[in-house]
Amino acid sequence: MVWKVYQKLLSTYGKQNWWPAETPFEVCVGAVLTQNTNWQNVEKAIENLKSHNLLFPEKILSTPLPLLQSLIKPAGFYKQKANYLKNLSLFIVENGGLETLKKENLQTIRKKLLKVKGIGRETADSILLYALNKKIFVIDAYAKRLFYRLGITQKENEPYENLRTLVETEFNRHNASIEDYKEFHALIVKHCKEICRKTPDCKICNLKTSCMLK
DNA sequence: ATCCTGGGCC
DNA sequence: GGCCCGGGAT
């Protein structure tokens with residue numbers, strides 16, 4: 001079922017080629033800044049950091065907190081997120097940088113990431129998949145909503161790990177690649193932003209034949 | 001007025 | 001489980 005949804009979304013929208021970023025560290029920063037925030041506003045914050053040449057963990061650490069806060073203000077929740085960015089940057093530096101961290105086992109990195117204050121499951125898995133190229137699926141509010149509406153899940157607030165396991169089990173049965181993991185999450189975001197919104201636009205939805213909403 | 005690719009804290 | 005954080009676009 002989940003695999004068919006992926007195929008349908010892929011043929012509808014085509015490849016998304018996520019994550020939009022120039023470096024793995026930019027992915028990490030974006031993953032934190034986009035927490036409960038429109039990506040449009042995240043782009044403004046990232047542009048501010050770029051124009052000050054701060055998109056490096058060491059630079060984030062040496063930036064005075066008030067300046068960091070003001071630069072990321074467009075992304076909202078700027079006081080907590082400034083601290084989150086410093087926590088994450090410190091973690092990366094202490095682990096010898098992203099390239100070194102990448103060599104470690106997925107579950108080892110995930111456990112360590114989740115101990116960083118400000119890095120929850122979705123943010124950790126986004127970093128693992130898109131910055132460290134690890135095979136793990138990212139669940140977000142869109143995926144929860146979409147799967148519930150399609151009838152794949154019964155509860156609207158199905159626990160994160162249940163959904164992740166659901167997708168990964170089926171994807172592995174189909175010998176899915178890391179690219180498939182990346183594309184599916186990106187496609188879910190695109191579909192839910194444009195069609196399967198809070199108030200869905202079912203008339204123009206390509207998934208409606210297999211959707212419980214109809 | 002509502003919504004946005006959540007997470008921490010109680 | 002509920003509440004708070006928050007600017008920007010619509």
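Buried here means under 20% relative accessible area, exposed over 50%, and partly exposed in between (1.4 Å probe, protein chains only). This is a predicted model, where local features need pLDDT of at least 70, side-chain atom pairs count only at pLDDT 80 or more, and totals for chains, interfaces and linings use all residues. Residues are numbered from 1 along each chain as its sequence is written, and side-chain values use heavy atoms, with hydrogens and water left out.

**Exercise 1. Work out which residues of helix 8 are buried and which are exposed.**

Step 1: find the helix. Helices are DSSP runs (H or I, at least four residues), numbered from the N terminus, and helix 8 spans residues 106–115.

Step 2: sort its residues. L106, I109, R110 and L113 are buried. Looking down the axis, these buried residues fall within an arc of 100°, so they line one face of helix 8.

Step 3: see what does the covering. Over the buried residues of helix 8 you get, among others, helix 6 (78–94), helix 7 (98–101), helix 9 (121–131) and helix 11 (160–173).

Step 4: check the N-terminal end. N105 caps it, with a side-chain oxygen 2.8 Å from the backbone nitrogen of Q107. That's a polar contact: a pair of N or O atoms within 3.5 Å; within protein, one must be able to donate a hydrogen and the other to accept it, and residues adjacent in sequence count only if both atoms are side-chain atoms.

**Exercise 2. Describe how helix 9 and helix 11 cross.**

Step 1: take the axes, which are lines fitted to C-alpha atoms over the stretch in contact, with angles from 0 to 180 degrees between N-to-C directions. For helix 9 and helix 11 they come within 11 Å and cross at roughly 30°.

Step 2: classify the angle. Under 35 degrees counts as roughly parallel, and helix 9 and helix 11 are therefore roughly parallel to each other.

Step 3: list who meets whom. R121, E122 and D125 of helix 9 meet Y160, E161 and R164 of helix 11, contact being heavy atoms within 4.5 Å.

Conventions. Chains lettered and ligands numbered in written order. Helix = DSSP H or I, 4+ residues; strand = E, 2+ residues; numbered from the N terminus. Arc of directions from axis to C-beta. Parallel < 35°, antiparallel > 145°, perpendicular 65-115°, else oblique.
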